[in-house]
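This report describes selected features of one protein chain. Please keep the sequence and the structure in view while reading.

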Amino acid sequence: MKKIVVLTGAGISAESGVKTFRDSGGLWEEHRVEDVATYNAWLNNQDLVLEFYNQRRKQLYDVKPNVAHFALAELEKKYDVQIITQNVDDLHERGGSTKILHLHGELKKSRSTIDENLIYEIEGWELKKGDTCEKGSQLRPHIVWFGEAVPNIVPAARMSENADIYLVIGTSLNVYPAAGLLNYVPGNVPKYLIDPNASTVAGIRNLTIIKEKAGIGLPKLVKELMKE
Ligand code: OAD
């Protein structure tokens, strides 16, 4: 079975009604990264950080996977599909994909502040001050904040090296190390980038750019790939 590796970003969830970060009207226009998405923010204002992620999590209960998520699940009928997502939502899971690596964490999980190996499912949408891990420390959102290490980048790079076909969907390719994953994909491997605002990516060979929304461009591409 050929291996398709898919790197996704906020754009794939946009048509489900989840805001992206850097588009006009995106999350980083309403909130400063330094206030809600860094470890310093957590030290300075836990209430604000908890509230920011509580609101994101609450919204997850109101949204559904869209045709782009379902199209990726469809690909599994013919290919070994590995998704590497920068998204913290669970729409790939709910769309039916089975192999998903989250690079930036998961909204529906919390993590101990003294032992990073203690990770829990959050019941409902709210993580509160006073919610503690089994060792008694405050739980934080299981999110990789700016300035923090990205442990899953190591398996993600290995997956990218071993792809037979590589898809990149709905990411501005602004945030490293995720944006650097394309550099691990061998030059001869066919690559497709689906994003209405995509531009060429320097130094990447065999890249087909599809300037369409994921909900339009991806089902068409999946149809082609299913014929191959
Ligand atoms: P961005 O907000 O930077 O980029 C979203 C991309 O989605 C843009 O290139 C849009 O053109 C594209 N887009 C918008 N609507 C789309 C649609 N319907 N179909 C396809 N593409 C569409 O989001 P990311 O690249 O995912 O990290 O951002 C990367 C990381 O930065 C996030 O994981 C998050 C953020 O800060 C953390 O919070 C750690």
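The model discussed here is a predicted one. Asp-90 forms a salt bridge with Lys-108, and their closest N and O atoms lie 2.8 Å apart. This pair links distant parts of the chain, since Lys-108 belongs to strand β4 and Asp-90 to the loop between β2 and α7, 18 residues apart. Lys-108 is likewise buried, with a relative accessible area of 18%.

## Further salt bridges

In total, the count of salt bridges comes to 14. In one of them, the side chains of Lys-99 and Asp-80 meet at 2.6 Å, N to O. Lys-99 lies in the loop between α7 (91–95) and β3, while Asp-80 lies in strand β2 (residues 80–85), so the pair ties together parts that are 19 residues apart in sequence. With a relative accessibility of 33%, Lys-99 counts as partly exposed. Asp-80, at 22%, also counts as partly exposed. Both residues belong to a network of salt bridges that links Lys-3, Asp-80 and Lys-99.

Another salt bridge joins Arg-32 to Glu-34, with 4.0 Å between the closest N and O atoms. Glu-34 counts as partly exposed, at 46% relative accessibility.

Where in the chain is Ser-16 found? Ser-16 sits in the loop between α1 (11–14) and α2 (27–30). Its relative accessible area is 14%, so Ser-16 is buried.

The side chain of Ser-16 reaches the backbone oxygen of Lys-64 at 2.6 Å. When residues up to four places away in sequence are not counted, Ser-16 touches Val-63, Lys-64, Pro-65, Asn-66, His-69 and Leu-91.

## The second largest pocket

At least two lining residues come from each of β3 (100–102), β4 (105–112) and β6 (139–143). By residue type, the lining of the second largest pocket divides into 9 nonpolar, 8 polar and 6 charged residues.

How values were computed: Residues are numbered from 1 along each chain as its sequence is written. This is a predicted model: local features need pLDDT of at least 70, side-chain atom pairs count only at pLDDT 80 or more; totals for chains, interfaces and linings use all residues. Side-chain values use heavy atoms; hydrogens and water are left out. Helices (H or I, at least four residues) and strands (E, at least two) are DSSP runs, numbered from the N terminus. Ala, Val, Leu, Ile, Met, Phe, Trp, Tyr, Cys and Pro count as nonpolar, Asp, Glu, Lys and Arg as charged, and the others, Gly among them, as polar. Buried means under 20% relative accessible area, exposed over 50%, partly exposed in between (1.4 Å probe, protein chains only). A polar contact is a pair of N or O atoms within 3.5 Å; within protein, one must be able to donate a hydrogen and the other to accept it, and residues adjacent in sequence count only if both atoms are side-chain atoms. Contact means heavy atoms within 4.5 Å.
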